[in-house]
Amino acid sequence: MNATYVHLLVNHLPLFGALFGTVALVWGLLKHNAGMKTAGLIFLIVASVGGWMAHISGEQAEHFAEELPTVSRRTVHEHEEAAETTHLFVVPLGVLAILALYLDQKGSRWTPLTLWTVAALGAATCVTAGIAAETGGHIIHTEVHGSDSDAGEHEHEDHEEHAD
């Protein structure tokens, strides 16, 4: 199993983990359901770990994808930029979700504020992860977004000419 495979396995966790986690957390907060709050926080922690793994494996996946003849380097770069923004949200999300679990267990007076802050950060992560997922879909999924194969081929030809 290589880094590209790992990247493809975990790259949806930040989006869907943050989405399901945020919805469960907000539902638990509004309905005063401790189980839903805890489930939401766990989903958000999983989203954070998945985001970290996607970030770590993304560099090698980038190098692999850029060597494919039908892949545009510009498209890969746009995805990389969007993913870096998501990383800025998803890692603090996990740390804050762990803190919220701890404060909730201790019955701290800061628990409600921390939980709502986690929910807001989870929502922001959903947005940034959605943008990263959309730009990532442009890399290979030509059945959805059309073909960048002409741009990819020209970029590879230009790169090879400059390499000589």
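## Aromatic pairs

The structure, a predicted model, holds two aromatic pairs, where rings of Phe, Tyr and Trp (its six-membered ring) pair if their centres lie within 6.5 Å. A pair of aromatic rings is described by the distance of the centres and the angle of the planes. For F20 and F43, the ring centres are 6.2 Å apart and the planes stand at 70°, so the pair is edge-to-face; planes over 60 degrees apart count as edge-to-face, those under 30 degrees as stacked and the rest as tilted. This pair links distant parts of the chain, with F20 in helix 2 and F43 in helix 3, 23 residues apart. Together with F16, the residues F20 and F43 form one aromatic cluster.

F20 is partly exposed, with a relative accessible area of 45%, and F43 is also partly exposed, at 38%. On this scale buried means under 20% relative accessible area, exposed means over 50% and partly exposed lies in between, with a 1.4 Å probe and protein chains only. A further contact with a ring involves K31, which lies over the face of W27 at 5.3 Å from the ring centre; the criterion requires NZ of Lys or CZ of Arg within 6 Å of the ring centre and within 35 degrees of the ring normal.

## Basis of the model

Residues are numbered from 1 along each chain as its sequence is written. In this predicted model, local features need pLDDT of at least 70 and side-chain atom pairs count only at pLDDT 80 or more, while totals for chains, interfaces and linings use all residues; side-chain values use heavy atoms, with hydrogens and water left out.

## Fold and nonpolar core

The protein chain has seven helices and zero strands, and its pattern along the sequence is α-α-α-α-α-α-α. Helices (H or I, at least four residues) and strands (E, at least two) are DSSP runs, numbered from the N terminus. Of the 164 residues in the protein chain, 40% are buried.

The largest nonpolar core has 15 residues, and those with the most contacts inside it are L25, L41, L44, L115 and V118. Such a core is a set of buried Ala, Val, Leu, Ile, Met, Phe, Trp, Tyr and Cys residues joined through side-chain atoms within 4.5 Å. At least two residues of this core come from each of helix 2, helix 3, helix 4 and helix 5, and helix 5 gives the most, with five.

## Individual residues

S48 lies in helix 3 and is buried, with a relative accessible area of 9%. S48 and L93 are 45 residues apart in sequence, yet 6.5 Å apart in space, C-alpha to C-alpha.

H32 lies in the loop between helix 2 and helix 3 and is exposed, with a relative accessible area of 72%. The phi of H32 is near 55°, a positive value in a residue other than glycine.

## Largest pocket

The largest pocket has a volume of about 820 Å³. Of the 33 residues that line this pocket, H7, N11, H79, G136 and I139 are the closest to its centre. On a 1 Å grid over the protein atoms alone, a pocket is an open set of points where a 1.4 Å probe fits, with protein on both sides within 12 Å along at least five of seven lines, and lining residues have an atom within 4 Å of a point. A volume is the space filled by probe spheres set on the points.

Helix 1 (3–10), helix 2 (13–31), helix 3 (34–66), helix 4 (73–106) and helix 5 (111–140) each supply at least two residues of the lining. Helix 3 gives the most, with nine residues. The lining divides into 16 nonpolar, 13 polar and four charged residues; Ala, Val, Leu, Ile, Met, Phe, Trp, Tyr, Cys and Pro count as nonpolar, Asp, Glu, Lys and Arg as charged, and the others, Gly among them, as polar.
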